[in-house]
Amino acid sequence: MFLLISQNLPHKRFSSVHSSFLIAKNRSQTQRMSMSLTSSNQASAPPTPRPSASLVIINERNEVLMVQRNPQASSFAGVTVFPGGNFDKKQESSLKMTAIREAFEESGLLIARPTDNLSRIPPDDVLDEARFAVHGQKTTFQQFINEYNLIADAESLLPFTTWITPKEAPRRFHTQFYVTFLPGTSASGFMAGSKQERLPKPDGGQEVIAARFIRPDEALAEFNAQKITFMPPQFYILYTLSNILRSAKSTFEERVAVQRLSSGYFGRMVLNPRRLAQPQSSPDASTVLTYEGDETRGGLPGRLHRAVVKMGKGGITTAITLHRNFDIFTEIEPHLFDVSSKL
């Protein structure tokens, strides 16, 4: 029937109808292709890094506080890290407060001081109750410290590099690391060794299952023996501190050295690791992550700022070797650490 009707149409009319049909068909195909390309671009766009903060707490014995994440956690499963987490605009107004709140929730260590001579740090049972309330969003951390006439020692937190998760990662974070010394701040809670009786975290251990103070060189030795696991930022910071915190007890000179790094270009470094392409024929199963300042990332010829990383089953880091052949006190090239191009 369609052929009969078509044959009876005038030639010009048929050409017009046929052309209109082709135009409509092509327009529809173009729209579908455009929608497909738009969807593909949206699907391939890297996720926006979530602002977060992490706190490196150093006690009088030059030990740093580290927590172990639950092996079943949705991110960084089983990894040993510094206390930290995502910025929560309902809880705080700054990343420093994020770091202090997360340290309190994850370890019970409260970095705060009374606002007057009449106030006191609450006892452990009150602190534990507050940890549950803050974590459960029943109160804010600020409301808790206000209730007990406390003030968080945010001014004691020193910036100690910023890290941005690479674009290819399914979950990305824009993490500001801070460092603080317990002798220089007021704190309540455990300040040495291991403190498991107030763990797991108020979420039932879904995130953190252990907390302890350990010297940076000892933590690195445990990692090299594959007793614990780190991510590259934790390794980088521990490696840096291990070359400064050499004494059995924290010294004035060591604290000054850390403060110099914080107030200099090192403290403001923004690191966005990139995988260095290697020949397909290379038998080495390791991955080379380059950092800003490396000769492949705008640094001077011969300058190395990279880590050789080996991964085990499940993407667990089994070995990291840091190559950094420049003085972090005097030879950092500040123009290479701009954050705007890395998000």
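The structure is a predicted model, and the features below are computed from it. The helices in question are helix 6, which spans residues 216-224, and helix 7, which spans residues 232-242, while the serine is Ser107, found in helix 3.

**How helix 6 and helix 7 cross**

- The axes of helix 6 and helix 7 come within 8 Å of one another and cross at roughly 135°, and that makes helix 6 oblique to helix 7.
- The crossing in which helix 6 passes helix 7 is left-handed.

**Which residues meet**

- On the side of helix 6, the residues in contact are Pro216, Asp217, Ala219, Leu220 and Phe223, and they meet Phe235, Leu238, Tyr239, Leu241 and Ser242 of helix 7.

**How helix 7 is enclosed**

- The buried residues of helix 7 are Pro232, Pro233, Gln234, Phe235, Tyr236, Ile237, Leu238, Thr240, Leu241 and Ser242.

**Ser107 in helix 3**

- Ser107 belongs to helix 3, which covers residues 95-107, and it counts as buried because its relative accessible area is 0%, where the cut-off for buried is under 20%.
- A polar atom of the Ser107 side chain lies 2.6 Å from the backbone oxygen of Ala103, and a polar atom of that side chain lies 3.2 Å from the backbone nitrogen of Leu109.

Key. Residues numbered from 1 in each chain as written. Predicted model: local features only at pLDDT ≥ 70, side-chain atom pairs only at ≥ 80, totals over all residues. Heavy atoms only, no water. Axes fitted to C-alpha atoms, helices over the stretch in contact; angles between N-to-C directions. Helix = DSSP H or I, 4+ residues; strand = E, 2+ residues; numbered from the N terminus. Parallel < 35°, antiparallel > 145°, perpendicular 65-115°, else oblique. Left-handed = near helix turned anticlockwise from the far one by under 90°. Contact = heavy atoms within 4.5 Å. Buried < 20%, exposed > 50% of the residue type's maximum accessible area, 1.4 Å probe, protein only. Polar contact = N/O pair within 3.5 Å; in protein donor to acceptor, adjacent residues only side chain to side chain.
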